[in-house]
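Here is a briefing on helix packing. Start with the structure below.

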Amino acid sequence: MSTVPSLVMNNGLQIPQIGFGVFLVPPEETQEAVTEALKTGYRLIDTAQGYRNEEGVGAAIAQSDVPLDELFITTKLTNSEQGYDNALTAFDGSMKKLGIEVLDLFLIHWPLPMFDQYVETWRALEKLLSEGRVRSIGVSNFEIPHLQRLMAETDVTPAINQVELHPQFPQEELREFHAEHGILTESWGPLGQGKGLLEDPSIVEVARRKDRTPAQVVLRWHIQVGCVVIPKSVRPERMRENFDIFDFELDDADMAEISKVRTGQRLGADPNVFAMR
Ligand code: NAD
């Protein structure tokens, strides 16, 4: 843990800059994967109600030697449970599955602007925060207009916005907005979700220069642009590889080479139109 930097959120609390994401980790494999991640040194675990593996995360936490106060657990409110009352009930369900009393970070998973419920949903998260049941609250996949509306109509500015972000889709404008408003940026799909980023010649070239792997170069890029990053792998050797990024630095020439891979295209859903619930 000592080698992993932390970032300070707008509520004064710290978040480790690297975590372990469990999207698409099958429920029956989650306990083992999270146990391995904790052994590797990861302390932030990123799950979601929609991943259906919160119980596996809870089982790994319960059996681990790592004290709970050294862990940072994130889960996300699933789309079908937006709305004030639904959000509160769904939160209780998550806490039961995770087996903890206080959650570190609760996020609204998607804004679903077409259903217009994210403001009242946010008020439920504010209530959980005021009751001390969650230490920090944030959002995921929110675009600038969604953030502006939350800030105009509610009391608490999100601590984090977790969004698709990687060198192909670096989200410069959103990151700038976050920086202006004290919101931390957390990158999902940080390795490009196995869709070719790690084979890009520019990434391979920087990896060669640095005697590192493409995944390490890309994850180091996230660290240096100031994001929290949550790569996923169920393979222990890749978990270690992805975590081992704090003893080298990318210089300006490396960063310039990496910027060549920018396409400006998302790999995942567009939050303005994504309506699944
Ligand atoms: P990712 O970019 O982390 O890619 C994961 C894939 O990359 C793995 O399945 C594996 O195929 C490959 N990989 C991992 N380590 C590698 C290595 N060292 N070398 C080569 N290949 C490697 O994508 P992700 O899992 O979609 O995103 C990470 C986490 O972000 C998720 O687990 C989840 O917690 C979160 N997430 C959040 C949202 C959201 O809407 N908030 C959406 C997607 C993901």
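The crossing of α4 and α5 is right-handed; a crossing counts as right-handed if the near helix is turned clockwise from the far one by less than a right angle, and left-handed if anticlockwise. This is a predicted model: local features need pLDDT of at least 70, side-chain atom pairs count only at pLDDT 80 or more, and totals for chains, interfaces and linings use all residues. Residues are numbered from 1 along each chain as its sequence is written, and side-chain values use heavy atoms, without hydrogens and water.

**α4 and α5**
- Helix α4 (residues 118–130) packs on helix α5 (residues 144–153) at about 55°, with the axes 10 Å apart.
- Helices are DSSP runs (H or I, at least four residues), numbered from the N terminus.
- Axes are lines fitted to C-alpha atoms over the stretch in contact, and angles run from 0 to 180 degrees between N-to-C directions.
- That angle makes α4 oblique to α5, the class left after roughly parallel (under 35 degrees), roughly antiparallel (over 145) and roughly perpendicular (65 to 115).
- From α4, Y118, V119, W122 and R123 meet P145, H146, R149, L150 and E153 of α5; contact means heavy atoms within 4.5 Å.

**α1 and α9**
- Helix α1 (residues 27–40) and helix α9 (residues 236–243) have axes that come within 10 Å and cross at roughly 40°.
- α1 and α9 are therefore oblique to each other.
- Their crossing, α1 with α9, is right-handed.
- A33, E36, A37 and T40 of α1 make the contact with P236, M239, R240 and F243 of α9.

Terms used: Helices (H or I, at least four residues) and strands (E, at least two) are DSSP runs, numbered from the N terminus.
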